Every structure is written in C-alpha cells, then in structure tokens.
Amino acid sequence: MEKETPKISLTGIKPTGEPHLGNLIGAIRPALNLTEQYDSIYFIADYHALTSIRDPKLLRHYTRSVAATWMAAGLDPQETIIYRQSDIPEIFELHWALSCVTAKGLMNRAHAYKAARDQNAAAGRDDLDAGVNMGLYNYPVLMAVDILIMGSDVVPVGKDQLQHVEYAADIAGTFNHLYGDAYEFKIPQAVVPQEDTGRTLPGLDGRKMSKSYDNTIPLFLPEGKLKKLVRRIPTDSTSVEEPKDPDSSSVFQILEQFATPEVIADTRKRLMAGGVGWGELKNQLFEVLNEELTPMRERYNALMEPDSQLETVLSEGAEKARDRAQNLLGSVRSAIGISR
Ligand code: TRP
C-alpha cells in the first residue's frame, strides 16, 4: 500500500514579549504534540511583530527568545523546520501578489483593525484610523501568505486567530478561482488545540494568564523570583483547617498542568479533607514548577548566549523553508504572468 504523505502543520509565533507559563500550556506544548501526527513547521513572525515593536534591540531579543523557548521546550530541529519569517524574502513577494487579489473590504472587517477603530470611537476621536499603520491593516494578508507559502494543511492557533486562518482560506479560494487552471493553493484549516484539552491557565489575578492582562508568570525566571510570584497567586480566606475546593483554586489549577496524575489526585484529596493551608499548596506548586522548569531554563540560557547553536539552527531552517517557498512562488509567478 502506498504511504500517504503526512499533512503539514504550520505555527507562527509573534515575538512580542517574554514567554510565560500560559504560552507553554496553551500554545507551545499542544503545538509540539502535533509533530507526531503532522510534518511540523514553526516560524518566528518577526515582521508581524514590527507592527507594534519599534525598539530594534527588543525585537531582536524577543525573536531569539521565542526561538530559544520553543527549542528549550523540546522542539527538535532535526524533525521539524524552524525559521525566522524575515529570512524568507519570497513571503514578501507573494504578499504583494496576494494583496492584489484580496478585497479591501475583507481587511475592513478584520477583528484587530475593527477593535482599533472601536477604541478610537470610544475615546471620542474624529479619525477612527488614528494610530493604525498599514502593517496592522495588511496583517491578515501577510499571515495568509505565511500559511499558504508553505502549503499548510492545518494551522494550530488560539481562538483569537481563527478569523485570520479563515481569511487565508478565503484568499486562497479567490486566487484559485482566478488562476486555478495554472496553480491551486491548498485550503488551510485552523485547529485550536486548547479546545481539545480545555486548558487555559489562570494568571496572577485569577483571570486567564495573558500578556495583555499583565498577570503572567514568565517561564525563565530565576528560582527566587519564581517563588515570589507563586506566592502572589490569589487565594481566598479559608483557614488552614477548613476543607477547600481544589477546582476553584488558581494555585491548584496551575499545579494540575504540571504535576503527575498521582500527585494531582493526592493533593486534591488532601485539600478536600482540610488541614492543608494555601501557603503549603503554594510551596508544593513552586517545587513542582521549579523541577519542571529548571532543565528548560538551563537549555534556554545556553541558547541565548551570543554564540550558541541558535543561529545555525535558524539559518538551516531558513534554507529548507526557502526551498519550499521558492518552488511555490515560482508556480504562482508563472500562473499570474510574472515570469520570464
Ligand atoms: N498572528 C499570529 C499571532 O498573533 C502569529 C502568526 C503570524 C501566525 N503568522 C502566522 C500564526 C501564521 C499561525 C500561522 O499569534
């Protein structure tokens, strides 16, 4: 029997902040788990970050930091491809070509752009486009190109990115309608790994851990700081002796994502029986987190050294990715009439 070619899964990560526990649970681990099922491609969307980050040093730092985080968390560059978006110039050529078949009205309806306009309206500004740059406006087209240029079948994303993947499918459809006799894009599909597992992590204020709420526990804090932040996770005022409901405790919910099933079951029992204080539970959480994060932190710190293997991995990834991109762009160019 002929072996089916594995489907391609592609994930883009925007380098706009320090990686935190919520990223590991909600995005990194689920995306890394897909490598068993798919040919996986990962890239750092540094040009997407440019729509908001104006500090060159910071952009460079976040870009390396995201790559180092994913590798420290287990991404294997032998098994997968990882590259920097900006290393693939073909992306930006296809961006223009696809812009020319994309309706402006589609961009007018994009969530992020609409949110920016709503904010201006709420602030009573006359110009609803105040503060909106063309990068923000064109963002969905660039993202569609990221997806389409690698021939992606599935795109693991958070719920907030679903519209973008639909746009990619929509833009591919328009292109196929116009040029399908000569070249057809694959139509990509979003998968939301979080929905399968129901996993979101509470942050330091009990809301979902997210950079935009400023309530995160960064992944690679030194031990002492990690301990301090764990102590800051909110708890209620039940006394040590009183029985506690594990499922309404942020501390327990975080523990659940990191401890072994036996430890989780045992802790659940002890909390419900009473006699375990929040302080004790926090110490336990710190120990569990620290044990899990220490080897990762060491790998991360080594990769963040200026002469680490990080650059080699990224440039080897870029070479493989460019091969794919050049092939596909060649077909598109000849389909649309841009060729010698
Ligand atoms: N927009 C995505 C985010 O903010 C990042 C991203 C850029 C992306 N290009 C992509 C994700 C392509 C998936 C596929 O998280």
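These questions and answers walk through a predicted model of a protein chain with a ligand.

Me: Which residues touch the most other members of the largest nonpolar core?
Reply: This core holds 51 residues. Membership requires a buried residue, under 20% relative accessible area. Three members touch the most others: L21, W70 and I217.

Me: Which element gives the largest share of this core?
Reply: Elements that give two or more residues include α1 (21–33), β2 (39–44), α3 (56–72) and α14 (310–336). Also among them are α10 (223–232), α11 (250–258), α12 (261–273) and α13 (278–304). The core draws at least three residues from each of domain 1 and domain 2. The largest share, eleven residues, comes from α13.

Me: Which residues is I217 in contact with, leaving aside its neighbours within four places in sequence?
Reply: I217 is one of the core members that touch the most others. Contact here means heavy atoms within 4.5 Å. With the sequence neighbours set aside, the partners of I217 are H20, L21, L204, M209, L226, L229 and I233.

Me: How many residues are in the second, separate core?
Reply: The second core is separate. Its members include F43, I81, Y83 and Y167. Its size is 45 residues.

Me: Which element gives the most to the shell around the ligand?
Reply: In the shell, 13 residues surround the ligand, and the closest are H48, Y139, M143, D146 and Q161. Both β1 (8–13) and α7 (134–149) supply at least two residues. With four residues, the top contributor is α7.

Me: What distance separates a polar side-chain atom of Y139 from a nitrogen atom of the ligand?
Reply: Polar pairs count within 3.5 Å. D146 has a polar side-chain atom 2.7 Å from a ligand nitrogen. For Q161, a side-chain N or O atom lies 2.8 Å from a ligand nitrogen. For Y139, the distance is 2.6 Å.

Me: What share of the ligand's accessible area does the protein cover?
Reply: On its own, the ligand has 370 Å² of accessible area. The protein's cover is given as a percentage of that area. The share is 89%.

Me: Is T11 buried or exposed?
Reply: T11 lies in strand β1. T11 touches A31, I41, Y42, F43, W70 and P156, not counting residues up to four places away in sequence. The relative accessibility of T11 is 6%, so T11 counts as buried.

Me: Is D214 buried or exposed?
Reply: D214 lies in the loop between α9 (193–197) and α10. D214 is not a glycine, yet has a positive phi of about 55°. Because its relative accessible area is 71%, D214 is exposed.

Me: How far apart in space are Q119 and D129, C-alpha to C-alpha?
Reply: Q119 lies in helix α6 (residues 111–122). Q119 is exposed, at 60% relative accessible area. Q119 and D129 are ten residues apart in sequence. In space, their C-alpha distance is 9.7 Å.

Definitions and conventions:
Residues numbered from 1 in each chain as written. Predicted model: local features only at pLDDT ≥ 70, side-chain atom pairs only at ≥ 80, totals over all residues. Heavy atoms only, no water. Core = buried A, V, L, I, M, F, W, Y, C linked by side-chain atoms within 4.5 Å. Buried < 20%, exposed > 50% of the residue type's maximum accessible area, 1.4 Å probe, protein only. Domains from an automatic or database assignment. Near = heavy atom within 4 Å. Polar contact = N/O pair within 3.5 Å; in protein donor to acceptor, adjacent residues only side chain to side chain. Areas by Shrake-Rupley, 256 points an atom, 1.4 Å probe, with all protein chains shown as cover.
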